[in-house]
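Reader: I would like to learn how to read a model of this kind feature by feature, with the general idea set out before the particular case. Could we work through it together?

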Amino acid sequence: MGVNLDEIKPDMTIDCKGLSCPMPLLKTKKAIQKLQPGQILEVLGTDPGSKNDIPGWCERAGHEYLGVKEDAGFMRFYIKKGQ
């Protein structure tokens with residue numbers, strides 16, 4: 001049973017559209033520091049490399065990668081902050 005990405009209400013959204021690796025990941029790392037554990041960060045991006053970078057980083061950093069949703073010309077990544 002997965003997470004329904006359409007029902008997620010992010011606590012913060014950052015726009016990384018048009019940025020190339022590693023900028024989306026660096027901005028994600030900086031943004032998630034401002035959240036409390038359990039809160040959700042939404043990252044808007046266009047870099048295909050983020051599909052590998054963000055889930056891998058979440059696993060290493062102890063955050064929960066909830067998934068990615070394709071939108072009109074960009075992707076929405078959802079990350080739940082860990083402890």
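Predicted model: local features only at pLDDT ≥ 70, side-chain atom pairs only at ≥ 80, totals over all residues.

Reader: Which residues of helix 2 are buried, and which exposed residues does the face turned away from them carry?

Author: A residue is buried under 20% relative accessible area, exposed over 50%, and partly exposed in between (1.4 Å probe, protein chains only). In helix 2 the buried residues are S50, I54, W57 and C58. Seen down the axis of helix 2, these buried residues fall within an arc of 105 degrees, so they line one face of the helix; the arc is that of the directions from the helix axis to the C-beta atoms. The face turned away from the buried side of helix 2 carries the exposed residues N52, E59 and R60.

Reader: What covers the buried residues of helix 2, and what phi does G62 take just after the helix?

Author: Contact is defined as heavy atoms within 4.5 Å. The cover over the buried residues of helix 2 includes helix 1 (23-32), strand 2 (40-45), strand 3 (64-70) and strand 4 (75-80). Just after helix 2, G62 has a positive phi of about 85 degrees.

Reader: Where is K51, and is it buried or partly exposed?

Author: K51 belongs to helix 2, and at 39% relative accessibility it counts as partly exposed. Leaving aside neighbours within four places in sequence, K51 is in contact with E70, M75 and F77.

Reader: Which residues of helix 1 are buried, and what covers them?

Author: The buried residues of helix 1 are P24, L25, T28, A31 and I32. Viewed down the axis of helix 1, they fall within an arc of 125 degrees, so they line one face of the helix. Their cover includes strand 1, strand 2, helix 2 and strand 4. K27, which also lies in helix 1, counts as partly exposed at 35% relative accessibility, and K27 touches I14, D15, C16 and L19, not counting residues up to four places away in sequence.

Reader: Which residues of the largest nonpolar core touch the most other members?

Author: A nonpolar core is a set of buried Ala, Val, Leu, Ile, Met, Phe, Trp, Tyr and Cys residues joined through side-chain atoms within 4.5 Å. Of the 14 residues in the largest one, I14, I32, L41, V43, I54, W57 and I79 touch the most other members. Two or more residues of this core come from each of strand 1 (12-16), helix 1, strand 2, helix 2 and strand 4. A second, separate core of 5 residues includes L5, I8, L66 and Y78. I54, when neighbours within four places in sequence are left aside, is in contact with L25, T28, V43, Y65, F77 and I79.

Reader: How many aromatic pairs are there, and what sits over the ring of F74?

Author: A pair of aromatic rings is described by the distance of the centres and the angle of the planes. Rings of Phe, Tyr and Trp (its six-membered ring) pair if their centres lie within 6.5 Å, and planes under 30 degrees apart count as stacked, over 60 as edge-to-face and the rest as tilted. By this rule the count is 0 aromatic pairs. A charge sits over a ring if NZ of Lys or CZ of Arg is within 6 Å of the ring centre and within 35 degrees of the ring normal; the charged end of K17 sits over the ring of F74, 4.6 Å from its centre.

Reader: Where is P22 found, and what is the peptide bond from C21 to P22?

Author: P22 is in the loop between strand 1 and helix 1, and the bond from C21 to P22 is cis, with omega near 5 degrees.

Technical notes
Residues numbered from 1 in each chain as written. Heavy atoms only, no water. Helix = DSSP H or I, 4+ residues; strand = E, 2+ residues; numbered from the N terminus.
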